[in-house]
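Colleague: Please put the model on screen. I would like to go through it with you.

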Amino acid sequence: MHNKVQFVSSMMARSLPSLAFHVVFCISSLLCLSTCSVNGMGEEDTHHTFSVRSLLPSTDCFDDSKGTTNRTGLKVYHRHGPCSHSEKATSANDILAQDQSRVDYLHRRTISASISKNTINSPSTSQIDDEEYSRSASLPARSGRSLGSGNYVVTVGFGTPKRDMSLVFDTGSDLTWIQCQPCASYCYSQNDPIFDPSGSASYANVTCNSPDCSLVSSSTGRAPGCSTSTCLYAISYGDNSYSVGFFVRDTITLTPSDVFPGFLFGCGQKNRGLFGEVSGLLGLGREKISLISQTAQTYGGVFSYCLPSTSSSQPGHLTLGRSARSPPNVLYTPMLTDPNASNFYYLDLIAISVKGTQLSIPPSVFSVAGTLIDSGTVITRLPPAAYSALRTAFRNEMTAYPTAPALSILDTCYDLSGYDTVTVPNVALMFRGGAVLNVVVTGILYAGSASQVCLAFAGNSDASDVGILGNVQQTTFEVVYDTSRSLIGFAPGGCS
C-alpha cells in the first residue's frame, strides 16, 4: 500500500476530483509523518531553538583535506564560510539582486511550458536502493559568494597535465565552459591562472562538420558558429553575463582515479558578467552535453550533493555515482520533465506546513506552473498565494521579536541583535510520493546581519511563474538526482 501511494502519478492525482485528491494526499502525508520524517524529528517538535550566532559565518575552518572519509575529490565550501578561498565578499543585497536576475531568466525560459507527466518513472524503493553503479567520485564543493558568485563552487582539472579550475556547478545549465587563453582583453579576472590550450597535450577543437558540434544548440539555445572550420559556441545568462569561444575536447579530471578523455566543453575567448573570480561553469543539467550525460556510462546518470550553510565550518561535497553515497534514509519524489525546458529538473511540491500544521493552500496553486529544483537559485520562490499563506503563518509565530526593514526581495525580517537564542517555527515542504523536506534553521532564515534576519522565501509576481526550490532550503541535506530512475531524493545530515 505504501509504495502504491508513494508513486502516484501527478497527472492522475490532478485529474481526480478535489475530494479524491485530498484523500490520496492525506494517506501519503500520514504515512510520511509516521515513518518518513526527513530530519528525524517527531511530531511533537514544532519549533527550532538556536543561537543567533549560528546564523552568521563561523570563524573556524575544520577542512581536513586528508580526513577519514572514504570520499575523494571535490569539496563544497560556502562562499561566506570560514573555509572560503578568497577574502572578497559580496553583500547580501547584491547576492539577492543577482538571484532575482537568475529567477527572471528561469521564468522567461519556462513561462510558456506545461509540465509533462508522461516521463515519470515509478520504480519501487527496493529497486532504487539495491542498484549500484560501478564507479563513484566525490568532489568537494564550496560556495561561490567569496568569489563574487551567488552559487556553490567545485574544483576540477582540465587538460594534460591537468590544470585545476574553480567552477560554479549548476543544475540549471548543461554546457561546461572555462576561460581560455588568449583572451587578455576579453576575459574577466579569475582566481586561478587562465587555461592555456597550447599547454595541454590532449586538447583538440571540434570541427564544424562533426556531429558533436550540433550539440551546442540544445545546450545554449543558439546554433553553433564556425571559424576556419572550428565549432563555436555562445551562451548568455539572465543577468546579461555571457561566454563565447571554441567548442573543444580535452581531458577532465574529477579525482585522481576518475579521468575522462575527450570531454566536450567550451573554451571561452570572450567572457563578461557577474562570474566573480571563478574560472567558469560546470553544467549538471539533463542534456547530452552536460557532465552528467557525458559520464553516464561510468556513473549511471546519478549524482548528489550537500551544500554547507554559511555558518558551517566544514565543507560539503558533489558526488557522482551511487556506490560511494547511498543514504539509507533518503526519501524520493518523482523527477518530472517539461518538454519545452527539458534540461531542468522538476519535482512536484504539493503542500507546506508551519509548526507541524499544513497550510490551507489549494493544490492547484502549486500545479499551475510547477516547481523546479535549482542549485544556482539562492532563495526558494513560491506561487503568490502559497507564499502569502507561509508568510502569514510565520509572522503569527514571530510576534515576540521586533521587525526589521526588508532585505532586497525578502519582506519578512526581524532584528535579533538583542537575543542570544531565538525560537522559530518549523517549516516543511511536502512533495509527491511522500518525501518531506523539514527545512533546517539556515534554510528558514537568511541573515544579512544579526539586526536583519529574514524569512528565506519569496513569492513570485505571477501565479504562472514556475516555482523554484533554491539552494538555501537545500543546505545540509543530501540531495540525490537519479536520472536513470527519474527520481529526486532528500536525506538529512548530508554534509556530515
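**Cores, a sheet and disulfides**

Modeller: The largest nonpolar core has 75 residues, and Leu318, Ile352 and Ile373 have the most contacts inside it. A nonpolar core is a set of buried Ala, Val, Leu, Ile, Met, Phe, Trp, Tyr and Cys residues joined through side-chain atoms within 4.5 Å. Buried means under 20% relative accessible area, exposed over 50%, partly exposed in between (1.4 Å probe, protein chains only). This is a predicted model: local features need pLDDT of at least 70, side-chain atom pairs count only at pLDDT 80 or more, and totals for chains, interfaces and linings use all residues. Residues are numbered from 1 along each chain as its sequence is written, and side-chain values use heavy atoms, leaving out hydrogens and water.

Colleague: What pLDDT does the chain average?

Modeller: pLDDT is the predictor's confidence in each residue, from 0 to 100. Here 75% of the residues score at least 70. Over residues 112–134, pLDDT stays under 50. The chain average is 79.

Colleague: Which residue in β18 is the bridge partner of Val354?

Modeller: Two strands pair if DSSP finds at least two bridges between them. Strand β17 (residues 349–354) and β18 pair in the antiparallel sense over two bridges. In β18, the partner of Val354 is Thr357.

Colleague: Which are the edge strands of the open sheet?

Modeller: Four strands form this sheet in the order β18-β17-β24-β25, with antiparallel pairing. Each edge strand pairs on one side only. The edges are β18 (357–358) and β25 (436–438).

Colleague: How many residues apart in sequence are the parts that Cys306 and Cys495 tie together?

Modeller: A disulfide is a pair of cysteine sulfur atoms within 2.5 Å. One joins Cys306 to Cys495, S to S 1.9 Å. Cys306 lies in strand β13 (residues 302–306) and Cys495 in the segment after β31 (487–491), so the pair ties together parts whose separation in sequence is 189 residues.

Notes
Contact means heavy atoms within 4.5 Å.
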